[in-house]
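This report describes a single protein chain. The sequence and structure are shown first, and the description comes after them.

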Amino acid sequence: MPLSEQEQRLLDEMERHLLRNDADVVSAPRDGRTLSYRNIVYGTILVLLGLGGLIVGVSVPLVVVGVIAFAVMLGGVILAVTPTKGTPRAQAEPGRPVKAPASSTSFMDRMNERWDRRQGGDR
């Protein structure tokens, strides 16, 4: 069932409003702090080692092994979920300039621009 003219206008207005607000949310500053995949992997490994140690500590009646294993697991979780300060991956070598970022706009801004161009071409 096709939409009426009024329903289509209302739907277009809601879509524009959503895209405008969504871009605002996505481009909000995060103070340069992001999760590091390396820390997530290391944290996961520590959690798994701690879990293995905890099982060994329970099967062998040594409370100290279980406590240390639990501390390792806790450290792994903290390492995995703690955001790190964003740093440039490549350090500048002497005599070689550092490349500027390809674009100053966010991914969502570029996608919104592409969407607007596509919608403008259809009408």
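The model is predicted: local features need pLDDT of at least 70, side-chain atom pairs count only at pLDDT 80 or more, and totals for chains, interfaces and linings use all residues. Residues are numbered from 1 along each chain as its sequence is written, and side-chain values use heavy atoms, with hydrogens and water left out.

**Confidence and make-up**

The mean pLDDT (the predictor's confidence in each residue, from 0 to 100) of the protein chain is 78, and 72% of its residues reach 70 or more. Where pLDDT is low, the predicted coordinates should not be read in detail. The protein chain has 4 helices and 2 strands, taken as DSSP runs numbered from the N terminus (helices H or I, at least four residues; strands E, at least two). Their order from the N terminus is α-β-α-α-β-α.

Of the 123 residues, 11% count as buried; buried means under 20% relative accessible area, exposed over 50%, and partly exposed in between (1.4 Å probe, protein chains only). The accessible surface, from the Shrake-Rupley method with a 1.4 Å probe, comes to about 10,600 Å², and carbon and sulfur atoms hold 64% of that area. Contact means heavy atoms within 4.5 Å. Of the contacts with a separation of 6 or more, 71% are between residues 24 or more positions apart.

The table gives the span from first to last C-alpha; the expected span is 1.5 Å times one less than the number of residues.

| Helix | Length | Span | Expected span |
|---|---|---|---|
| H2 | 23 residues | 33 Å | 33 Å |
| H3 | 19 residues | 27 Å | 27 Å |

The buried residues of H3 are Gly 66, Ala 69, Met 73, Gly 76 and Ala 80. Seen down the axis of H3, they fall within an arc of 85 degrees (from the directions of the C-beta atoms), so they line one face of the helix. This buried set packs against helix H2 (37-59). The face of H3 turned away from its buried side carries the exposed residues Val 63, Val 64, Val 67 and Ile 68.

In H2, the buried positions are Asn 39, Gly 43, Gly 50, Gly 53 and Gly 57. Their cover includes H3 and S2.

Asn 39 lies in helix H2 and counts as buried because its relative accessibility is 16%. Leaving aside neighbours within four places in sequence, Asn 39 is in contact with Leu 79, Ala 80 and Thr 84. Ala 80 is one of the buried residues of H3.

Lys 85 is found in strand S2 (residues 84-85). At 55% relative accessibility, Lys 85 counts as exposed. Lys 85 and Ser 36 are separated by 49 residues in sequence and by 9.2 Å in space, C-alpha to C-alpha.
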